[in-house]
Amino acid sequence: MALPSLLNRLAAGALVAALSLPLAAFAAPDVSVAPQYDTTHVYVQNADIDAFVTSFVGTFGGKASPRAVFTVTPTPSKTASQYIQTPVGMLSVFAFQTPIPYGFGLERNGYLVTDIYQATEAAVEAGADVTVAPFDDPIGKDVLIQWAGGINLQLYWHTKAPSYPALHSVPDNRVYISPISADKFLAQFKQFAHATVVADEKVDGGEIGRGGEAIRRVQLTSGFGKMTVFVSDGKLPFPYGRESTGYQVDDMAATLAKAAANGVTVLVPPLKTSKGNASAMLQFPGGYISEIHDAVH
């Protein structure tokens with residue numbers, strides 16, 4: 001048999017074999033690192049940053065990094081910035097001293113990734129839009145992306161890899177979305193994050209202030225942490241939909257007592273969820289709103 005003919009047959013055979021492989025063989029790599037690097041982004045006024053940081057650490061424990069003034073955007077700006085490291089989740093706190101440039105202030109959280117460009121490509125392939133292209137910051141690189149339904153988040157990478165201990169409890173990234181965009185968003189995020197659906201069910205809407213009505217709640221887990229997606233028509237009583245993170249605490253009563261001692265307002269007192277645990281809504285000095293819940297018993 002002539003050599004060119006043999007090579008052609010081998011190439012054709014390799015192509016057939018490749019096409020017969022499962023789609024997973026060609027899936028984008030998992031760019032997540034670990035849940036303790038998922039940081040909720042909190043924007044406060046300069047006058048409120050001290051009170052906010054003190055109240056959050058006083059409620060949940062942990063510590064805050066030294067504060068410094070940086071340019072954390074690709075265009076000129078200045079912000080006082082620090083992170084808060086607690087046993088129940090991380091925060092990145094920003095108090096801008098200049099007007100906030102386009103794209104910033106809308107992102108709900110930041111995910112640490114193994115490679116910023118690989119992660120951006122994976123997000124785009126999954127269907128995300130890039131609202132602010134990859135850029136340098138003082139300690140690494142960042143990109144802002146948007147998923148279906150207008151869900152904004154930041155991906156970040158550090159020049160020197162950080163090393164944080166595992167969390168005592170992993171918080172929920174709480175997403176509110178319409179029935180129009182829900183399935184599209186879920187498909188996009190599952191592909192990007194290699195996420196697994198833990199539960200997709202109809203539950204009582206009391207969890208989002210719509211008691212007596214059935215709503216769809218989807219719970220996912222991935223290398224980035226937990227996510228709870230609430231699908232609704234958006235007709236939500238305050239403060240539901242204003243929180244981006246839910247924190248799991250060991251003792252609801254003790255946490256609420258600490259919160260009260262640190263100037264935190266209880267917007268919604270504890271109520272039982274369809275899972276059998278308790279959930280409450282808090283507002284911290286500076287306006288940050290979060291949900292807290294205890295474990296399912």
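## Overview of the chain

Helices (H or I, at least four residues) and strands (E, at least two) are DSSP runs, numbered from the N terminus. By this definition the chain has five helices and 17 strands. The model is a predicted one, in which local features need pLDDT of at least 70 and side-chain atom pairs count only at pLDDT 80 or more, while totals for chains, interfaces and linings use all residues. Residues are numbered from 1 along each chain as its sequence is written, and side-chain values use heavy atoms, with hydrogens and water left out.

The C-alpha trace spans about 85 × 50 × 35 Å along its principal axes. Of the 297 residues, 49% count as buried; buried means under 20% relative accessible area, exposed over 50%, and partly exposed in between (1.4 Å probe, protein chains only). The chain exposes about 13900 Å², of which carbon and sulfur atoms supply 58%; accessible areas come from the Shrake-Rupley method with a 1.4 Å probe, and for residues only the protein chains shown count as cover. Contact means heavy atoms within 4.5 Å. Among contacts between residues at least 6 apart in sequence, 62% join residues at least 24 apart.

## The nonpolar cores

A nonpolar core is a set of buried Ala, Val, Leu, Ile, Met, Phe, Trp, Tyr and Cys residues joined through side-chain atoms within 4.5 Å. The largest such core has 31 residues, and Trp 147, Leu 155, Phe 185, Phe 192 and Val 229 touch the most other members. Two or more residues of this core come from each of helix H3 (116-126), strand S8 (140-147), strand S9 (151-158), strand S10 (172-177), helix H4 (182-193), strand S12 (210-222) and strand S13 (225-231). H4 gives the largest share, six residues.

Trp 147 illustrates these contacts. Not counting residues up to four places away in sequence, Trp 147 touches Ala 123, Ala 126, Ala 128, Leu 153, Phe 185, Gln 188, Phe 189 and Phe 192. A second, separate core holds 26 residues, including Val 53, Tyr 247, Phe 284 and Tyr 288.

Six of the six residues of S10 are buried, and the strand is mostly covered. Asp 172, Arg 174 and Tyr 176 point one way from S10, whereas Asn 173, Val 175 and Ile 177 point the other way.

Two strands pair if DSSP finds at least two bridges between them. S10 runs parallel to S13, to which six bridges join it; within this pairing, Ile 177 has Val 231 as its bridge partner. S10 runs antiparallel to strand S14 (residues 245-248), with two bridges, and here Asn 173 is partnered by Thr 245.

S11 (196-205) and S12 pair in the antiparallel sense over nine bridges, and Asp 200 stands opposite Val 218 in S12. These two strands form a hairpin with four residues between them, and Gly 209 in the turn has a positive phi of about 80 degrees.

S12 is also joined to S13 by seven bridges, again in an antiparallel arrangement. Gln 219 has Thr 228 of S13 as its bridge partner. S12 and S13 form a hairpin with two residues between them.

## Backbone features in the loops

Most residues other than glycine have a negative phi, and most peptide bonds are trans. His 194, in the loop between H4 and S11, has a positive phi near 55 degrees. His 194 counts as partly exposed because its relative accessibility is 32%.

A cis peptide bond joins Phe 238 and Pro 239, with omega about 10 degrees. Pro 239 lies in the loop between S13 and S14.

## Two residues in their surroundings

Ser 290 is found in strand S17 (residues 289-293) and counts as buried because its relative accessibility is 0%. Leaving aside neighbours within four places in sequence, Ser 290 is in contact with Glu 243, Thr 245, Tyr 247, Ala 280, Met 281, Leu 282 and Phe 284.

Tyr 83 is found in strand S4 (residues 79-86). With a relative accessible area of 31%, Tyr 83 is partly exposed. Leaving aside neighbours within four places in sequence, the contacts of Tyr 83 are Lys 63, Ala 64, Ser 65, Met 90, Leu 91, Ser 92 and Tyr 164. The C-alpha atoms of Tyr 83 and His 41, 42 residues apart along the chain, are separated by 9.3 Å.
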